Amino acid sequence: MARRPHRQTRPARTAPAPSPVSPSTASPCPCGRPASYGECCGRYHVGPATAPTAEALMRSRYSAFVVLDASYLLRTWDPATRPNGLELDPTTRWTGLDILETTEGTPFHTTGTVTFRASYTQQGHPGALHERSRFTRHDGAWVYVDGTYLD
């Protein structure tokens with residue numbers, strides 16, 4: 001019997017992006033989880049810990065955009081699709097992340113997708129990035145492969 005893909009739809013949850021954020025502070029995590037940044041996504045940014053699921057990696061990558069951690073974004077990008085470099089725009093303020101759907105991506109899978117909407121403001125104008133991101137395991141750790149823009 002074939003296993004059906006794990007699909008989960010979550011209610012929208014938006015968290016404002018705190019500023020400044022550092023792994024040593026008790027700031028709320030930008031990804032929207034109730035834990036502090038240091039206990040949540042910050043531990044993946046600075047430590048040897050890796051995200052256990054595709055969704056956790058997606059959340060930690062969103063938080064890396066908030067704190068302008070390009071090295072983490074590159075480190076968690078599939079080597080087959082990773083750009084040579086990444087310049088983040090410090091004028092973009094990421095203001096919230098909504099996880100809309102996950103497919104597979106658990107500790108028991110090797111691939112997964114996460115559909116999300118990330119809100120931002122740029123030069124005072126609000127916007128949103130709606131994407132379905134693909135993830136895979138590389139050397140045992142989840143990595144971002146690519147994404148399809150939606151809407």
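## A tour of the salt bridges

Start by selecting D151 and R117, which form a salt bridge with their closest N and O atoms 3.1 Å apart. This pair joins distant parts of the chain: R117 sits in strand β3 (residues 111-122), while D151 lies in the segment after β5 (141-149), 34 residues away. Keep in mind throughout that the model is predicted.

Now show the surface around these two residues. D151 is exposed, its relative accessible area being 86%. R117, in contrast, is partly exposed, at 26% relative accessibility.

Select R134 and D146. Their side chains meet in a salt bridge, with 2.7 Å from N to O. How exposed is R134? R134 has a relative accessible area of 43%, so it is partly exposed. D146 also counts as partly exposed, with 29% relative accessibility.

**Next stop: helix α2**

Move to helix α2 (residues 54-66) and select E55 and R59. A salt bridge joins the side chains of R59 and E55, at 2.9 Å from N to O. Because they are four residues apart in this helix, R59 and E55 are separated by about one helical turn. Are these two residues buried or exposed? Both R59 and E55 are buried.

The residues R33, E55 and R59 are linked in a network of salt bridges. In total, the count for the model comes to four salt bridges.

**Step back: the whole chain**

Clear the selection and switch to a cartoon view. The secondary structure comes to three helices and five strands.

Colour the chain by accessibility next. The protein has 151 residues, and 45% of them count as buried; R59 and E55 are among the buried ones. With the surface shown, the protein exposes about 8,500 Å², of which carbon and sulfur atoms supply 53%.

Finally, look at which parts of the chain touch. Among contacts between residues at least 6 apart in sequence, 47% join residues at least 24 apart.

Key:
Residues numbered from 1 in each chain as written. Predicted model: local features only at pLDDT ≥ 70, side-chain atom pairs only at ≥ 80, totals over all residues. Heavy atoms only, no water. Helix = DSSP H or I, 4+ residues; strand = E, 2+ residues; numbered from the N terminus. Buried < 20%, exposed > 50% of the residue type's maximum accessible area, 1.4 Å probe, protein only. Contact = heavy atoms within 4.5 Å. Areas by Shrake-Rupley, 256 points an atom, 1.4 Å probe, with all protein chains shown as cover.
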